[in-house]
Amino acid sequence: MLDLALAATFIRSIEWQNVKRLILVGDHNQLPPIGRGRVFSDIIEWLRGAETHNLAVLETNMRQMENRLDGKGQSILDLAELFLVDSAVQSEQTTPEAEQLLKKVHQGGKIDEDLYVAYWNSAADLVASLVSDLVSVLPREEADPPVYKLWRNEIIQNSPERLQVLTPHRGELHGVEALNIELQSVLTNDLIDRVGAVDGITLNDKVIQTQNRTTRRGLWAFDFDIGKARQVELFNGEIGYVEPHNFDRAELKRVFAGYSKKRLKRFQVKFARKEKICVNYGRDIPTATKGRFTSESVENNLELAYAISIHKSQGSEFGQTFVVLPASRRPLSAELLYTALTRAQGHCRLYVQGNWFEPEVSTSYE
């Protein structure tokens with residue numbers, strides 16, 4: 001994900017007299033950075049021509065290997081391989097196995113234990129199918145429970161990265177913004193009406209951090225290991241769930257019981273890779289100094305993350321993905337399709353608009 005400017009800054013910052021070897025690790029088949037240049041991909045191409053002995057290639061793809069060994073399907077990998085942009089491994093001819101796989105994809109339905117393809121035409125059909133499929137895999141503790149209780153069970157029992165909706169665009173009715181509004185409405189029930197929201201985010205919402213917050217400007221959080229508040233680092237792309245702030249739990253119980261009309265002014269987020277830390281957002285956030293409070297903008301830090309962009313998902317992996325592939329005026333790139341398919345560890349469900357799925361796709365990218 002290094003763009004030209006970041007790569008130049010990185011190279012200039014190295015004290016080369018103290019360096020014996022520089023190792024770059026990545027997958028140049030994935031999406032290029034948003035910024036200018038395709039630094040990593042260009043380096044790979046140059047090494048192939050001039051410094052082959054300095055290039056190491058991972059021959060065995062370990063992603064979803066557990067599925068393959070346990071008989072849980074391998075079609076995610078097989079389909080993803082059709083969208084490799086690596087000129088050294090591309091084949092000009094489609095193998096009989098690949099043709100059979102594409103035929104099954106065109107037909108739709110269950111392709112393998114790890115891959116399912118559903119076709120849609122209107123945005124309403126897409127949303128209905130997405131909601132139904134997402135709800136069907138939520139943990140159940142009772143017969144026919146309300147959807148918001150199923151979602152709450154998901155929050156309590158599983159990592160925020162277990163289930164993830166991915167889409168290539170932010171705008172349009174199939175994009176990040178529209179899908180997040182629809183999914184928030186279904187999965188959090190009437191929480192916004194009952195307790196309000198802070199910059200559009202309410203209790204039980206799935207969220208993503210959109211700013212890098214390093215130690216110089218860390219976020220205030222409660223650390224359960226030490227039993228007090230401290231500032232923590234948080235980085236763009238980290239995903240979590242919204243919980244009530246510890247100071248507000250008793251009053252919020254009164255709200256749900258109908259005895260109070262208190263509105264949400266702050267909350268805590270439990271992030272996937274920070275299990276024993278609750279990060280604070282909103283107004284009147286306690287600090288390490290007794291009696292001293294601060295504020296942290298929700299709008300400047302968080303977005304809803306029921307659905308995120310495929311580009312945003314790069315570098316992450318999820319237990320199960322729900323991938324939206326719309327019919328676009330600009331064909332979806334091979335890198336984007338490869339990235340979208342390979343985000344799932346266990347199962348990928350593709351939602352394809354129309355019936356355009358072809359191996360010969362444009363190499364431009366969104």
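Modeller: By class, the lining of the largest cavity has seven nonpolar residues, one polar and one charged, where Ala, Val, Leu, Ile, Met, Phe, Trp, Tyr, Cys and Pro count as nonpolar, Asp, Glu, Lys and Arg as charged, and the others, Gly among them, as polar. This is a predicted model, in which local features need pLDDT of at least 70 and side-chain atom pairs count only at pLDDT 80 or more, while totals for chains, interfaces and linings use all residues. Residues are numbered from 1 along each chain as its sequence is written, and side-chain values use heavy atoms, with hydrogens and water left out.

The residues that line this cavity are Leu-134, Trp-151, Leu-163, Gln-164, Val-165, Leu-183, Leu-187, Lys-206 and Tyr-306. A cavity here is a set of points, on a 1 Å grid over the protein atoms alone, where a 1.4 Å probe fits but cannot get out, and lining residues have an atom within 4 Å of a point. The search of the whole structure finds one cavity of 30 Å³ or more, and the space in the largest cavity is about 50 Å³, a volume being the space filled by probe spheres set on the points, which are joined across faces, edges and corners.

Strand E3 (163-167) and helix H8 (176-187) each supply at least two residues of that lining, and E3 gives the most, with three residues. Helices (H or I, at least four residues) and strands (E, at least two) are DSSP runs numbered from the N terminus.

Helix H12 (residues 334-341) is mostly covered, as eight of its eight residues are buried, among them Glu-335, Tyr-338 and Thr-339; buried means under 20% relative accessible area, exposed over 50%, and partly exposed in between (1.4 Å probe, protein chains only).

Among contacts between residues at least 6 apart in sequence, 71% join residues at least 24 apart. Along its principal axes the C-alpha trace spans about 70 × 60 × 40 Å.

Notes:
On a 1 Å grid over the protein atoms alone, a cavity is a set of points where a 1.4 Å probe fits but cannot get out, and a pocket is an open set with protein on both sides within 12 Å along at least five of seven lines; lining residues have an atom within 4 Å of a point. Contact means heavy atoms within 4.5 Å.
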